[in-house]
Amino acid sequence: MNELTNHTLRVQQLFVQYQSQLKAFALVLSPNFVQADDLMQETFLTITAKAHEFDLESNFLAWSRTILRFKVLEARRAAGVKTVDYLDSLVASCPDQWANEERLHKLTECIQNLAPKSREIILLRYQREHSPSQIAEMLSRTVNSINVALSKARLALRDCMDRQLQTESSQ
Amino acid sequence: MNDPYVDRLIQSYLDDSLTEQELVEFESILLQSESVRLRFWELAEVHGLAPQAVAALGLKLENDVVTPARRLPAPPSAGNLWSRKFSFMLLRQSGLTLAGGVLLGALISAFAWPVRGMPEMSTPTSLTTESFESGASPAVAGMPTIADLWSGDFSEVVGTQQGVVPADGEKMLQILRADYDGKPTPEGSYCGDLYRLIDVRSLREQLAKQGTIAHASALFDMSTQPAAEEYRYSVRILALTTDLIANPQQFDPLMIDEYALATARQNVRLDNNPQTWELAQCELRLPAQTDFILIHLGVSYGYAEDDIRRITFPSHYVDDIQISLSNYAH
């Protein structure tokens, strides 16, 4: 019994270790921030319940992503979304290092260096969790201009992360 | 070479702004093309990580007059009847008005503010709201050591039952028992608990420089019970350090009050009317050393007869939990 409990605790520690990556994964596959939180909660419950099935020598990230994918499918089916065929192949193509701690750290630095107007839109979207249409209303701009600004800001941040990581690896 | 049209579809997907027709096309492209799938993960990475990155930075918006998209704590209305009008709105009032007179009075008596003026409370930033609409159940594992997850005693997400209608949406949480899976000493348990641990280490600088207040509120209700039965409900906030959480002797429901940096609690008797939800709420000024806050919601039998303790709850519900932070700018 103790051995099983210790094993479950170890699996839960792995969940904590990969929590940032899993959170990012959940958000990308969810239509909104609230559902992403719920997916994380459901995934943690399932991971705890199925901990005994997990071999500590195997790939925790792949296993937990699979569980999260099932939760996404369940949520979409419950919401009446029929077409989810692409999800398997999309999840399978997610790189192992995607959204890892190092990249999160770099993104944090890059957001600090973002131009003030772009940073404001990023904060409204990701700190205040507003949709582009809500941001457009607040800033008295068109939805299209906010969509464009968000896309540009995300691309700039992505480039910044890559540049910083390349600079580090070349040093 | 990236296709600008595909990039636009991906970006629109991330903002949930694809039309139905575009969505069908997007899913079809994703299904067919590995290169598009890889491009998707490239573009989606910032979107996925950004909430964590901005939370770590603790950046503030300039001229911030906007409420968070997740709902703000609503002031209790007369008779504790609960308004369902929430969601996105622009706030033109000052933060002070938002806070309400009761909170302001309590804070003025609690802290010695500088003579140069009344502190003004910022718009609360929502940390989490929960009305169980997704059906996601809390873990049945007692006090959690993992942040951002609900955990506690046996409970179940349910719809309307026993005359109790969810306060918000179509679902609510039924507290079933005062113990959980594998509780070391379940004997004597009498409080049905629900917890959430929230990491505020990214706000350390803010906590040190400003008065940061954590707010927690929740609605409680029960079906009609025999007149002799009395139940109480509570909301508690505890400010904790990382060391405390790492120490199992201290991070224990019976000991945690002894070691917490600060605590606040409201404990109220539940009325016997299933048609009214009772609001419990409390605020806590977070000490500068706070690493985590622990939110604790509880339901317990009220000891009308001293020798009776209850480990099960016949029909007790929680809904519409809201947790937020605000600052006092001088």
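This is a predicted model: local features need pLDDT of at least 70, side-chain atom pairs count only at pLDDT 80 or more; totals for chains, interfaces and linings use all residues.

Visitor: What should helix 3 of chain A span at 1.5 Å a residue, and how far apart are its end C-alpha atoms?

Guide: Helix 3 of chain A covers residues 33–49, and its 17 residues should span 24 Å at 1.5 Å a residue; the end C-alpha atoms are 25 Å apart, which agrees.

Visitor: How many residues of helix 3 of chain A are buried?

Guide: A residue counts as buried if 20 or more other C-beta atoms lie within 10 Å of its own. In helix 3 of chain A, 13 of the 17 residues are buried, so this helix is largely enclosed by the rest of the structure.

Visitor: Which residues are buried in helix 9 of chain A?

Guide: An α-helix has 3.6 residues a turn, so residues three or four places apart point the same way. The buried residues of helix 9 of chain A are I146(A), A149(A), L150(A), A153(A), R154(A), L157(A) and M161(A). These pack against helix 6, helix 7 and helix 8 of chain A, together with helix 3 of chain B.

Visitor: Is F70(A) buried or partly exposed?

Guide: F70(A), which lies in helix 4 of chain A, has 14 other C-beta atoms within 10 Å and is therefore partly exposed.

Visitor: At what angle do helix 1 and helix 3 of chain B pack?

Guide: Two packed helices are described by the angle between their axes and the distance between the axes. For helix 1 (residues 4–14) and helix 3 (residues 34–57) of chain B, the angle is about 45° and the axes are 10 Å apart. That makes helix 1 of chain B oblique to helix 3 of chain B, and the crossing is right-handed. Helix 1 of chain B contributes V6(B), D7(B), I10(B), Q11(B) and L14(B), while helix 3 of chain B contributes residues including F40(B) and L43(B). By class, the residues of this contact divide into 7 nonpolar, 2 polar and 2 charged.

Visitor: How many residues does each chain give to the contact between chain A and chain B?

Guide: Chain A gives 55 residues and chain B gives 46. Helix 3 of chain A gives the most to the side of chain A that touches chain B, with 10 residues. That side divides into 28 nonpolar, 17 polar and 10 charged residues.

Terms used
Residues are numbered from 1 along each chain as its sequence is written. Chains are lettered from A and ligands numbered from 1 in the order in which they are written. Helices (H or I, at least four residues) and strands (E, at least two) are DSSP runs, numbered from the N terminus. The expected span of a helix is 1.5 Å times one less than its number of residues. A residue is buried if 20 or more other C-beta atoms lie within 10 Å of its own, exposed if 12 or fewer, and partly exposed in between; C-beta atoms are placed from the backbone. Two residues are in contact if their C-beta atoms, placed from the backbone, lie within 7 Å. Ala, Val, Leu, Ile, Met, Phe, Trp, Tyr, Cys and Pro count as nonpolar, Asp, Glu, Lys and Arg as charged, and the others, Gly among them, as polar. Axes are lines fitted to C-alpha atoms, for helices over the stretch in contact, and angles run from 0 to 180 degrees between N-to-C directions. Angles under 35 degrees count as roughly parallel, over 145 as roughly antiparallel, 65 to 115 as roughly perpendicular and the rest as oblique. A crossing is left-handed if the near helix is turned anticlockwise from the far one by less than a right angle, and right-handed if clockwise.
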